[in-house]
Amino acid sequence: MIAIILHGMILAFGLILPLGVQNVFIFNQGANQPKFAYAIPVVVTAALCDTLLIILAVMGVSVILLTFPMLKLSIFVVGILFLAYMGWAIWKSKPSQKADYKPLSIKKQIIFAMSVSLLNPHAILDTIGVIGTSSLAYQGVEKVIFTGSTIIVSWLWFIGLALAGRYVGKIDQTGKMMTIVNKISALIIWGVSIYLLYHIIG
């Protein structure tokens, strides 16, 4: 039982750890919101989206969807364009001083969190290819435990990421540190979009 839990947690942590558009957005909201409580909507939305993707992957629904070539191609094209745009937006963003910053509303937090969670084909394919495939080794209660372990990691990671952003936001009143984080994040996001493009034409 412990081995199953560790298996799920290690896989989920390995997938969620790389710095991507979803992680950057949650970190930024933690840093820029005046109180941590105001960043909870984006944390919950991102965690729920990940939970949905994991459940679909384990159930095999997402694999069935991606067996249709045109649908898969559409997901890739939309995802690549979205990642390219988000990379550009993050690269051009200039974090301002706290006194001048206007945090996103709850509605905008939820919309952006859903877009960066569900329009990222790299994350979708990772969830299907790694978590979905790995879940085939388990049945019944064991599969439920494995799935639950991966979901718990997602929730804890996003909460921790927002808290880390909150900490950085307190010590980075000028926005210089966040500017560096944004530049690095944009380069990584563009790298992912190029990888996906290569995957289509390769």
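The model is predicted, so local features require pLDDT of at least 70 and side-chain atom pairs count only at pLDDT 80 or more, whereas totals for chains, interfaces and linings use all residues. Residues are numbered from 1 along each chain as its sequence is written, and side-chain values use heavy atoms, with hydrogens and water left out. The predictor's confidence in each residue is given as pLDDT, on a scale from 0 to 100. The chain has a mean pLDDT of 80, and 89% of its residues reach 70 or more. Confidence is highest in helix α3 (residues 40-59), at a mean of 91, and lowest in helix α4 (residues 61-65), at 66. Where pLDDT is low, the predicted coordinates should not be read in detail.

The secondary structure consists of 9 helices and 0 strands; these elements are DSSP runs numbered from the N terminus, with helices (H or I) of at least four residues and strands (E) of at least two. Of the 202 residues in the chain, 40% are buried. Here buried means under 20% relative accessible area, exposed means over 50%, and partly exposed lies in between (1.4 Å probe, protein chains only). Among contacts with a separation of 6 or more, 88% join residues 24 or more positions apart, a contact being heavy atoms within 4.5 Å.

The interior can be described through its nonpolar cores, which are sets of buried Ala, Val, Leu, Ile, Met, Phe, Trp, Tyr and Cys residues joined through side-chain atoms within 4.5 Å. The largest such core has 29 residues, and Val21, Ile26, Val42 and Phe158 have the most contacts inside it. Helices α2, α3, α5, α6, α8 (140-171) and α9 each supply at least two residues of this core. Beyond its neighbours within four places in sequence, Val42 is in contact with Phe25, Ile26, Gln29, Gln109 and Ala113. A second, separate core of 8 residues includes Ile4, Leu11, Ile54 and Val58. Ile54 is also touched by Thr150, whose other contacts are Gly8, Ala12 and Ile131 when residues up to four places away in sequence are not counted. Thr150 lies in helix α8 and is buried, with a relative accessible area of 0%.

The whole structure contains 3 aromatic pairs. Rings of Phe, Tyr and Trp (its six-membered ring) pair if their centres lie within 6.5 Å; planes under 30 degrees apart count as stacked, over 60 as edge-to-face and the rest as tilted. Phe25 and Phe112 form a tilted pair, with 5.9 Å centre to centre and 45° between the planes. This pair links distant parts of the chain, as Phe25 in helix α2 (residues 21-32) and Phe112 in helix α6 (residues 106-118) are 87 residues apart. Phe25 counts as buried because its relative accessibility is 11%, while Phe112, at 35%, is partly exposed.

Trp91 and Trp190 form another tilted pair, 5.8 Å centre to centre with 35° between the planes. Trp91 in helix α5 (residues 69-92) and Trp190 in helix α9 (residues 176-201) are 99 residues apart, and their pair links distant parts of the chain. Trp91 is partly exposed at 28% relative accessibility, and Trp190 is partly exposed at 23%. The charged end of Lys183 sits over the ring of Trp91, 4.2 Å from its centre; this term requires NZ of Lys or CZ of Arg within 6 Å of the ring centre and within 35 degrees of the ring normal.
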